[in-house]
Amino acid sequence: MNSTWYNQLLFDCILCFFLLSAGLLLGSVFYRTGLIGGASVIAFLFGLFLFSTTRDWIVELFVTINDSFQVTPNLGTISVLAILTVIPTWLLLRKASTISYNVR
């Protein structure tokens with residue numbers, strides 16, 4: 001992909017959408033399952049990045065490093081992952097209560 005301003009804008013938009021949807025997914029996990037569920041998801045993700053084999057696989061999923069050490073992002077993979085993080089967020093929040101209850 002050529003390094004033009006509209007390609008950079010597309011990459012920035014897709015990356016921001018992915019980060020926003022991943023943050024919303026993490027926030028909805030905390031909302032639905034509480035501190036135990038959210039902390040266990042964060043611990044699972046931290047453990048996943050701790051192993052070198054999965055870390056290399058995740059880096060290769062998002063970017064491609066050429067022989068001349070030029071890093072090119074995989075826009076298709078990032079956009080599919082962004083859409084796939086919106087679906088569980090919608091499933092978690094579709095039946096969420098909008099009425100606050102007084103707990104005593």
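A word on where the numbers come from. The model is predicted, so local features need pLDDT of at least 70 and side-chain atom pairs count only at pLDDT 80 or more, while totals for chains, interfaces and linings use all residues. Residues are numbered from 1 along each chain as its sequence is written, and side-chain values use heavy atoms, with hydrogens and water left out.

The overall layout comes first. The chain has three helices and two strands; here helices (H or I, at least four residues) and strands (E, at least two) are DSSP runs, numbered from the N terminus. Along the sequence, the pattern is α-α-β-β-α. Of the 104 residues, 14% count as buried, meaning under 20% relative accessible area with a 1.4 Å probe and protein chains only.

Next, contacts, which are heavy atoms within 4.5 Å. Among contacts between residues at least 6 apart in sequence, 52% join residues at least 24 apart. Leaving aside residues up to four places away in sequence, Tyr31 touches Leu93, Ala96 and Ser97. Tyr31 and Ala96 are 65 residues apart along the chain, and their C-alpha atoms are separated by 9.3 Å.

Now the first two helices. Two packed helices are described by the angle between their axes and the distance between the axes. The axes of α1 (residues 5-50) and α2 (residues 52-62) come within 9 Å and cross at roughly 130°. That makes α1 oblique to α2: angles under 35 degrees are roughly parallel, over 145 roughly antiparallel, 65 to 115 roughly perpendicular, and the rest oblique. Axes are lines fitted to C-alpha atoms, for helices over the stretch in contact, and angles run from 0 to 180 degrees between N-to-C directions.

Which residues meet there? From α1, they are Phe18, Leu48, Phe49 and Leu50; from α2, they are Ser52, Thr54, Arg55, Ile58 and Phe62. By class, six are nonpolar, two polar and one charged. Ala, Val, Leu, Ile, Met, Phe, Trp, Tyr, Cys and Pro count as nonpolar, Asp, Glu, Lys and Arg as charged, and the others, Gly among them, as polar.

Last, the lining of the largest pocket. α1 gives the most to that lining, with eleven residues. By class, the lining has 16 nonpolar, one polar and no charged residues.

How values were computed. Buried means under 20% relative accessible area, exposed over 50%, partly exposed in between (1.4 Å probe, protein chains only).
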